[in-house]
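Please look at the chain shown here and follow its parts in turn. The paragraphs below go from a strand to its sheet, and from there to the rest of the fold.

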Amino acid sequence: MIKELMKKIKTIFLNSLIPSKKFYKAILKKKFSYSILYFISFIFLLNFAMFIVFLFKINTGLNFNNLKLFLNSFDRLPDNLIINIENGFLSTNSNGPVFIWSNIGSSKKLIAVIDETAASEKIREYKSLALFTSTNIVIDQWKNKEIINLPYTKSGVKITKDMVINFKQTLINIFPIILGFIAFYMLVLTPIFTIIFLLLFLSFISLIIYLIFKLWAKKLNFNKTLQISFHATTLPIVIYSFLLILDNSFISSINSSIFLFLSFGFIFVSLYDAYL
């Protein structure tokens with residue numbers, strides 16, 4: 001049954017991808033539920049494909065191992081290290097800077113330095129990702145970007161190595177749970193929110209096109225216009241999703257405009273094929 005359903009969705013998808021006079025004239029004879037079920041199935045399947053691409057991009061397995069390697073770097077902190085933060089100032093019981101190195105693969109990287117005597121600019125000299133001075137947490141963005149300075153809390157905080165190790169273990173334990181919540185959000189909630197948004201969007205676009213076409217096609221009704229839009233926007237939605245994957249700032253800035261233009265054009269042409 002599932003195999004037959006997938007085959008049916010594939011056939012409708014291919015017919016919906018490019019406007020076809022024969023296909024859209026046939027849609028006029030189909031029930032509204034025929035198109036809405038296709039549209040919902042299409043969004044869920046496309047979202048699943050996007051989720052797979054997302055997993056490949058972030059390389060979840062590798063990044064989980066890298067996260068563990070990164071967190072295990074804190075095991076090399078001095079056993080007697082005590083970090084005190086009070087009234088926005090940091091102090092330690094160390095006689096000099098504390099270096100935190102991380103081994104990821106064959107490379108060794110300095111990820112953080114605790115140096116009470118250092119100025120913020122020294123992070124570039126250390127070439128570390130973060131620097132903890134007496135007054136700020138300093139983060140280097142590199143690529144000629146400015147250094148970020150974050151102040152400490154005014155509350156009194158005492159941090160020991162045992163506390164750091166316990167916190168590290170907690171993060172490792174809950175990471176799979178976090179991934180589970182992310183998967184649920186992306187595979188279930190995201191498509192539901194997407195469908196709701198697109199229904200509102202397509203209702204608005206369809207209403208405009210319906211009012212335009214009503215001048216020529218007297219038999220036209222709004223429900224059929226909306227029904228046709230579920231199929232006509234197949235390619236615009238695919239293009240929008242593909243451009244989203246490219247992760248380019250310029251393309252991202254115009255992606256919504258491209259989607260709006262294509263959606264309007266494809267619905268217009270599909271409605272023309274169906275009625276005129």
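Buried means under 20% relative accessible area, exposed means over 50%, and partly exposed lies in between, with a 1.4 Å probe and protein chains only. Strands here are DSSP runs of E with at least two residues, helices are DSSP runs of H or I with at least four, and both are numbered from the N terminus. This is a predicted model, in which local features need pLDDT of at least 70 and side-chain atom pairs count only at pLDDT 80 or more, while totals for chains, interfaces and linings use all residues. Residues are numbered from 1 along each chain as its sequence is written, and side-chain values use heavy atoms, with hydrogens and water left out.

Strand β1 belongs to an open sheet of three strands, in the order β2-β1-β8, with antiparallel pairing. Two strands pair if DSSP finds at least two bridges between them. Strands of a sheet pair through backbone hydrogen bonds, either parallel or antiparallel. The edges of the sheet are β2 (89-92) and β8 (157-160), each of which pairs on one side only. From one strand to the next, the twist averages 15°.

On one side, β1 (residues 82-86) pairs with β2 over four bridges. In this pairing I85 stands opposite L90, and E86 has F89 as its bridge partner. To β8, β1 is also joined by four bridges, again antiparallel, and here I83 stands opposite I159.

The hairpin of β1 and β2 has two residues between the strands. N87 is found in the loop there, and its phi is near 55°, a positive value in a residue other than glycine. Most residues other than glycine have a negative phi, and most peptide bonds are trans. Another positive phi, of about 60°, belongs to K127, which is not a glycine either. K127 lies in the loop between α5 (122-126) and β5 (130-132). With a relative accessible area of 59%, K127 is exposed.

The next topic is the packing of nonpolar residues. A nonpolar core is a set of buried Ala, Val, Leu, Ile, Met, Phe, Trp, Tyr and Cys residues joined through side-chain atoms within 4.5 Å. The largest such core has 31 residues, of which Y24, F39, I43, L198, L202 and I237 touch the most other members. At least two residues of this core come from each of α2 (21-27), α3 (32-58), α6 (161-213), α7, α8 and α9 (249-275). The most come from α6, with eight residues. Apart from this core lies another, of 13 residues, including L81, I83, I85 and I114. In soluble globular proteins, nonpolar side chains tend to be buried together.

Which residues does L198 contact, leaving aside its neighbours within four places in sequence? They are F39, I43, I237 and F259, where contact means heavy atoms within 4.5 Å. I165 has its place in helix α6. At 22% relative accessibility, I165 counts as partly exposed. Not counting residues up to four places away in sequence, I165 touches F74 and D75. I165 and N72 are 93 residues apart in sequence, with their C-alpha atoms 8.4 Å apart in space.

Helix α7 (residues 222-232) and helix α8 (residues 234-246) have axes that come within 5 Å and cross at roughly 40°. Axes are lines fitted to C-alpha atoms, for helices over the stretch in contact, and angles run from 0 to 180 degrees between N-to-C directions. That angle makes α7 oblique to α8; angles under 35 degrees count as roughly parallel, over 145 as roughly antiparallel, 65 to 115 as roughly perpendicular and the rest as oblique. F230, H231 and A232 of α7 make the contact with T234, L235 and P236 of α8. By type, the residues of this contact are four nonpolar, two polar and no charged. Here Ala, Val, Leu, Ile, Met, Phe, Trp, Tyr, Cys and Pro count as nonpolar, Asp, Glu, Lys and Arg as charged, and the others, Gly among them, as polar.

As a whole, the chain has nine helices and eight strands. Of its 276 residues, 33% count as buried. Among contacts between residues at least 6 apart in sequence, 60% join residues at least 24 apart.
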